[in-house]
Amino acid sequence: METGPDFELLKDAYAIIDGIPETAIALGQLQTARGASLEHGTICSPAGWLAQHPKFTALGLSLEGEQLVLQGEPTETGSPAHILARVFALEEPDAERLFSDRNTYTLGDDSGLSDKRLWLHEVREFLKEHGQIDEDFEERLETRGPFAEPMNSSEIRAI
């Protein structure tokens, strides 16, 4: 029996990343900086943040050094997309599209979007393509401006 992507889990990932400050997300490496705590000075890619969130650690996803692992097993290819394809029941090309560097995204480096906004945009487009944006989810989507920092930086939500 073939199953499709876990869209509800992907929506949960969207909500988690949406709650992380703009400046704490950098596409590319899983973790580019480790602060005194997760809330202070840590910078990760969306995949790196998900690997540290309780919902995803309960699924067996974790960050060990510079590798993403699932159920204690690293990927053979070294690509986080390989593991995230399994977590979200995605085809590998879709996982690469959603969990890679800026150059793989539709808008790419010329968009003017922060890494966080670019990732959120790409996930939203993926969900739209699969008919997964319903009215309830649309109401919960991010409404702040599309660039690096919102007008009022005190409105940034921490994890």
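Predicted model: local features only at pLDDT ≥ 70, side-chain atom pairs only at ≥ 80, totals over all residues.
Residues are numbered from 1 along each chain as its sequence is written, and side-chain values use heavy atoms, with hydrogens and water left out. Helices (H or I, at least four residues) and strands (E, at least two) are DSSP runs numbered from the N terminus. Within α4, the buried residues are A81, I83, L84, A85, V87 and F88, where buried means under 20% relative accessible area, exposed over 50% and partly exposed in between, computed with a 1.4 Å probe and protein chains only. A positive phi, near 65°, is also found at G131, which follows α6.

The protein chain contains seven helices and five strands, arranged from the N terminus on as α-β-β-α-α-β-β-β-α-α-α-α. Of its 159 residues, 42% count as buried. Among contacts (heavy atoms within 4.5 Å) with a separation of 6 or more, 50% are accounted for by residues 24 or more positions apart. The chain exposes about 8400 Å², of which carbon and sulfur atoms supply 49%, the areas coming from the Shrake-Rupley method with a 1.4 Å probe and, for residues, with only the protein chains shown counting as cover.

A nonpolar core is defined as a set of buried Ala, Val, Leu, Ile, Met, Phe, Trp, Tyr and Cys residues joined through side-chain atoms within 4.5 Å. The largest such core has 39 residues, of which I17, L50, F56, L61, F88 and F99 touch the most other members. Two or more residues each are given to this core by α1 (7-18), α2 (46-50), β3 (61-64), β4 (67-70), α4 (80-88), α5 (92-98) and α6 (115-129), and α1 gives the most, with seven residues. When neighbours within four places in sequence are left aside, F56 is in contact with L9, A13, I16, L50, L61, V87 and F88.

Rings of Phe, Tyr and Trp (its six-membered ring) pair if their centres lie within 6.5 Å, with planes under 30 degrees apart counted as stacked, over 60 as edge-to-face and the rest as tilted. By this rule the count comes to four aromatic pairs. F88 and F99 form a stacked pair, at 5.5 Å centre to centre and with 15° between the planes; F88 lies in helix α4 and F99 in the loop between α5 and α6, so the pair ties together parts that are 11 residues apart in sequence. F88 is buried at a relative accessible area of 1%, and F99 counts as buried at 8%. F99 also forms a tilted pair with W119, at 5.9 Å centre to centre and with 50° between the planes. Because F99 lies in the loop between α5 and α6 and W119 in helix α6, this pair ties together parts that are 20 residues apart in sequence. W119 is itself buried, with a relative accessible area of 0%, and ring pairs link F56, F88, F99 and W119 into a cluster.

Helix α6 has 15 residues and reaches 21 Å from its first C-alpha to its last, close to the 21 Å expected at 1.5 Å a residue, the expected span being 1.5 Å times one less than the number of residues. Its buried residues are D115, K116, R117, L118, W119, L120, E122, V123, F126 and L127.
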